Amino acid sequence: AVSVDARITKFWPVIQSKVLFINLERSKDSVSRRLAMVNTVLGLPPNRKLLMMNARGKSLHDILPACRKAIKNKGVKIVILDSISRAGYGDLNDNRPVNAIMDALSGLCDTWAAIAHTPRADDSHIFGVIHFEAAADLVVQLSSETKDAKTLGVGFQNTKRNDLPAGLGDASFALEFGEYGLTGFRPAKDNEFPELQAKQQAKKPAREQIIDYLLNSDEGLASVTEIAQETGLSRKTVNMIVKND
């Protein structure tokens, strides 16, 4: 949100746009503290403002009129919601409430991003009926891996994309923490978070896995057997792709 609002292109290419961040999850003090740390990590003054609707204890449905007013008066171009679980339209396992949430977000702003949770037993999809993912143009799955007490790895992987090339935006980053919170944010080093890397690799098409392995090998050379052993793909699959590509 801050990168888009302040046109910070250090980590992602962005088009500067006014952002409205709707906070339904945490206290105003908590989010203000996080914002100050994010600003500092991005090289901005810690007290730089971000247009924010702090409404912990209320639902998206409750504050829709106030959001519409803020969007119109402030020229907002993108809305970010934390989180869908606080939308307040009913059971997320029912089709009608889920469709109502998607319609409400699309009616608020042409461009929006919403944080969603996953079921406890299965992190492969959003909690609730399939209409969440059906209505989205882009779904990005976030995974995490703890390296040590001061370093957390986060991986972003596209699981649905409309009109975008496969793999666009897939990446891993490292969040670094000090005594009082976030102190750094950077791209993850190769093999720094092996669990994240393995998870991302497993969901890539076999051809992409082979290319990644060759690009990351010391000489860019490997036999079919070596590639199969290192990627976990079958030798038959590797041989067919290498032979025909």
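Trainee: At roughly what angle do the axes of helix 3 and helix 4 cross?

Mentor: Please bear in mind that this is a predicted model. The axes of helix 3 (residues 60-74) and helix 4 (residues 95-108) cross at roughly 15° and come within 10 Å. Because angles under 35 degrees count as roughly parallel, helix 3 is described as roughly parallel to helix 4. The crossing of the two helices is left-handed.

Trainee: Which residues make the contact of helix 3 with helix 4?

Mentor: Helix 3 contributes Leu60, Leu64, Cys67, Arg68 and Ile71, while Ala104, Leu105 and Leu108 come from helix 4. Sorted by class, this contact has 7 nonpolar residues, 1 charged residue and no polar ones.

Trainee: Which strands do helix 3 and helix 4 lie across?

Mentor: Helix 3 lies across strand 1 (19-23), strand 2 and strand 3, and runs at about 160° to strand 1. Helix 4 lies across strand 1, strand 3 and strand 4, running at about 140° to strand 4.

Trainee: What is the order of the strands in the open sheet with parallel pairing?

Mentor: The order of this open sheet of 4 strands is 2-1-3-4. Its edge strands, each pairing on one side only, are strand 2 (52-54) and strand 4 (111-114). On average, neighbouring strands of the sheet are turned by 15° against each other, direction ignored. Strand 3 (residues 78-82) runs parallel to strand 4 and is joined to it by 4 bridges. Within strand 4, threonine 111 stands opposite isoleucine 78.

Trainee: Is aspartate 245 buried or exposed?

Mentor: Exposed means over 50% relative accessible area. Aspartate 245 has a relative accessible area of 60%, so it is exposed. This residue is found in the segment after helix 9 (235-244). The C-alpha atoms of aspartate 245 and lysine 28 are separated by 54 Å, with the two residues 217 residues apart along the chain.

Methods: Residues are numbered from 1 along each chain as its sequence is written. This is a predicted model: local features need pLDDT of at least 70, side-chain atom pairs count only at pLDDT 80 or more; totals for chains, interfaces and linings use all residues. Side-chain values use heavy atoms; hydrogens and water are left out. Axes are lines fitted to C-alpha atoms, for helices over the stretch in contact, and angles run from 0 to 180 degrees between N-to-C directions. Angles under 35 degrees count as roughly parallel, over 145 as roughly antiparallel, 65 to 115 as roughly perpendicular and the rest as oblique. A crossing is left-handed if the near helix is turned anticlockwise from the far one by less than a right angle, and right-handed if clockwise. Contact means heavy atoms within 4.5 Å. Ala, Val, Leu, Ile, Met, Phe, Trp, Tyr, Cys and Pro count as nonpolar, Asp, Glu, Lys and Arg as charged, and the others, Gly among them, as polar. Buried means under 20% relative accessible area, exposed over 50%, partly exposed in between (1.4 Å probe, protein chains only). Two strands pair if DSSP finds at least two bridges between them.
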